[in-house]
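Student: I am new to this structure. Please take me through a close look at one part, step by step.

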Amino acid sequence: MRKHSAFAMLLFLSICSAAQSAFAEAFKSELIEAVPKDPFLTNDGFIPPPDQYSGPLFKLSHAWPQQALPPISNPPWSKAIGGGRINQDNAAAYVAALKDYVGGNARKLFLNYASWDAAAAHWYTEPWLGSRRESIHGTYSAGNFDDQSFPNTGLKVTFDTHVLTYYDERAAYSLHKVWKADAMNPEIKTENFQFDEGSVIVKAAIFVSDDPKKQSDWWPGVTQGAAQWPLYIAIPEGQQGAARTVVNGYVMQFDIIVKDSVAAPKTGWVFATLVYDADAPGKDAWDKMVPLGAQWGNDPDVNSALNPPPPLKENWINPVAPFYATQTLGWGGRLSGPNDGARNNIQVGDNVMLNAPDSSCMSCHSPAQWQPVQHKMLSFLLPSYPNPKAGPPFRPCPDGKPDDPYICSPAPGSKDWFRWFQDRLGTEPFDPDTGSIATDFDMVFAFKSLPMWWKAIGPADQPALFAIRPSGAAKRYNEYSGAPLAR
């Protein structure tokens with residue numbers, strides 16, 4: 001791969017929107033493959049012209065705390081359930097307390113971006129993802145969905161999703177432990193990845209229509225009234241030569257996860273998902289973010305392949321959640337939001353299963369690990385068989401060729417399948433016999449920032465890791481889960 005001089009890098013990153021040309025687009029695509037050697041790069045280098053947008057731009061918040069915060073005493077989410085374990089009877093109160101806890105900052109981020117200051121709010125961002133971030137909100141590409149994913153909901157377009165993650169002050173201490181001040185030489189030790197009790201991580205998911213002519217009210221009854229974020233992106237996403245423009249995306253999902261070993265002793269984490277409900281009461285779009293559910297374990301004793309499936313024990317789904325958001329629940333009804341990619345086209349033997357529920361929030365995050373000698377994540381996020389060839393970490397079906405459209409999957413409910421549905425602590429790697437280091441359920445470490453770091457500082461001729469695909473391949477895969485998209 002050709003090496004670019006420091007001067008050329010600076011020249012490219014200084015190109016303003018008025019001078020963006022086909023050359024700039026091609027140059028940027030090459031830089032995404034190369035990954036700039038700047039862990040604190042703010043964005044992909046494309047700034048919207050003033051006649052399209054004149055508001056604030058995203059700022060990386062990376063002054064991570066250098067010391068552990070004092071233990072949090074009787075946090076409100078714990079207080080809401082009497083200091084004990086979370087269960088299906090008290091999960092609604094737990095999630096409500098979490099929402100209230102982050103609400104002051106989230107409401108400002110959602111609705112008053114001109115006054116949003118992540119550093120002042122003590123919310124922090126991860127390094128090495130700048131070349132993937134658009135410049136207004138700092139989001140990066142995630143999923144791609146159409147009406148097959150949301151049947152009978154009135155969806156009229158194919159849409160893309162973009163995500164933005166923030167770590168609170170307690171959680172961000174782990175970013176410091178791993179990356180230190182310059183983020184160039186991570187200390188890859190199990191203890192460094194472990195988040196302190198009470199750590200809170202949030203993620204917003206923004207939905208953008210792929211139809212340039214239909215950018216508002218493209219999902220009747222679902223998106224009306226949702227918070228709108230301007231993003232500077234190209235649509236349709238992944239199409240070569242598509243020009244960037246400022247579009248308004250709808251903020252439709254907001255995840256809140258918390259390290260709580262008292263409420264969830266088998267995993268140490270509680271995952272909660274809020275989704276937008278146009279019919280919910282409230283004065284603004286933040287009020288109308290309602291719980292889809294919560295998950296605190298993978299229910300390893302519940303075989304959801306049985307008919308009828310046994311009830312889940314470590315999962316709660318809001319019985320009055322909006323209908324559209326229930327269409328993407330994971331295996332057996334385990335929690336998974338509309339952005340999360342828990343339903344995929346898989347192949348089991350000769351049997352093709354379209355839009356099959358094969359994951360969940362926790363089953364996707366629990367394989368988070370990093371092999372420090374091979375410099376990669378050996379596992380995949382979804383049930384699959386390893387790929388012996390170059391390409392995606394799963395074996396593609398039907399013939400093992402890179403363009404095959406399905407994941408070769410173990411049978412739902414089988415022993416191989418249940419590897420992804422175990423309750424393990426964040427200190428336990430998914431593949432304990434490979435020398436992998438567990439990253440405490442944090443998939444950004446394992447699937448995004450560490451791969452980007454290694455691609456930036458590793459050998460120049462190393463093959464691109466799966467999480468760093470060139471732009472021409474982006475439309476073939478879900479950027480969030482890595483699963484192949486329907487052709």
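**A buried ring and its surroundings**

Tutor: Phe195 has a relative accessible area of 4%, so this residue is buried. Buried here means under 20% relative accessible area, exposed means over 50%, and partly exposed lies in between (1.4 Å probe, protein chains only). The model is predicted: local features need pLDDT of at least 70, side-chain atom pairs count only at pLDDT 80 or more, and totals for chains, interfaces and linings use all residues. Residues are numbered from 1 along each chain as its sequence is written, and side-chain values use heavy atoms, with hydrogens and water left out.

Now the partner. Phe445 has 1% relative accessibility, so Phe445 is buried too. Rings of Phe, Tyr and Trp (its six-membered ring) pair if their centres lie within 6.5 Å; planes under 30 degrees apart are stacked, over 60 edge-to-face, and the rest tilted. By this rule there are 32 aromatic pairs. One of them joins Phe195 and Phe445: the ring centres are 6.4 Å apart and the planes stand at 35 degrees, so the pair is tilted. This pair links distant parts of the chain, 250 residues apart. Phe195 sits in the loop between α7 (190–193) and β4, while Phe445 sits in helix α11. These helices (H or I, at least four residues) and strands (E, at least two) are DSSP runs, numbered from the N terminus.

Another pair brings in Trp219 and Tyr324. This one is edge-to-face, with 5.2 Å from centre to centre and 65 degrees between the planes. Trp219 is in the loop between β4 and β5 (228–234) and Tyr324 is in helix α8 (residues 323–326), so the pair ties together parts 105 residues apart in sequence. Trp219 and Tyr324 are both buried. They also belong to a cluster linked by ring pairs, which includes Phe145, Phe150, Phe159, Phe207, Trp218 and Tyr250.

Back to helix α11. The axes of helix α6 (residues 169–179) and helix α11 (residues 443–457) come within 13 Å and cross at roughly 35 degrees. These axes are lines fitted to C-alpha atoms, for helices over the stretch in contact, and the angles run from 0 to 180 degrees between N-to-C directions. The crossing of α6 and α11 is right-handed. On the α6 side, Ser174, Leu175, Val178 and Trp179 make the contact; on the α11 side, Phe445, Ser449, Leu450 and Trp453 do. Contact means heavy atoms within 4.5 Å. Of the residues in the α6 and α11 contact, six are nonpolar, two are polar and none is charged. Ala, Val, Leu, Ile, Met, Phe, Trp, Tyr, Cys and Pro count as nonpolar, Asp, Glu, Lys and Arg as charged, and the others, Gly among them, as polar.

Helix α11 also holds Trp454. Trp454 has a relative accessible area of 16%, so Trp454 is buried. Leaving aside residues up to four places away in sequence, Trp454 touches His375, Pro459, Gln462 and Leu465. Trp454 and Val35 are 419 residues apart in sequence, but 9.1 Å apart in space, C-alpha to C-alpha.

Next comes β4, the strand at the end of the loop that carries Phe195. Strand β4 (residues 200–209) is mostly covered, with 10 of its 10 residues buried. In a regular strand the side chains alternate between the two faces of the sheet. Val200, Val202, Ala204, Ile206 and Val208 point one way from β4. Ile201, Lys203, Ala205, Phe207 and Ser209 point the other way.

What does β4 pair with? Two strands pair if DSSP finds at least two bridges between them. Strand β3 (residues 159–168) runs antiparallel to β4, and nine bridges join the two. Val202 of β4 is the bridge partner of Tyr166. Strand β6 (residues 244–259) also runs antiparallel to β4, joined by eight bridges. There, Ile201 has Ile257 of β6 as its bridge partner.

Methods:
A crossing is left-handed if the near helix is turned anticlockwise from the far one by less than a right angle, and right-handed if clockwise.
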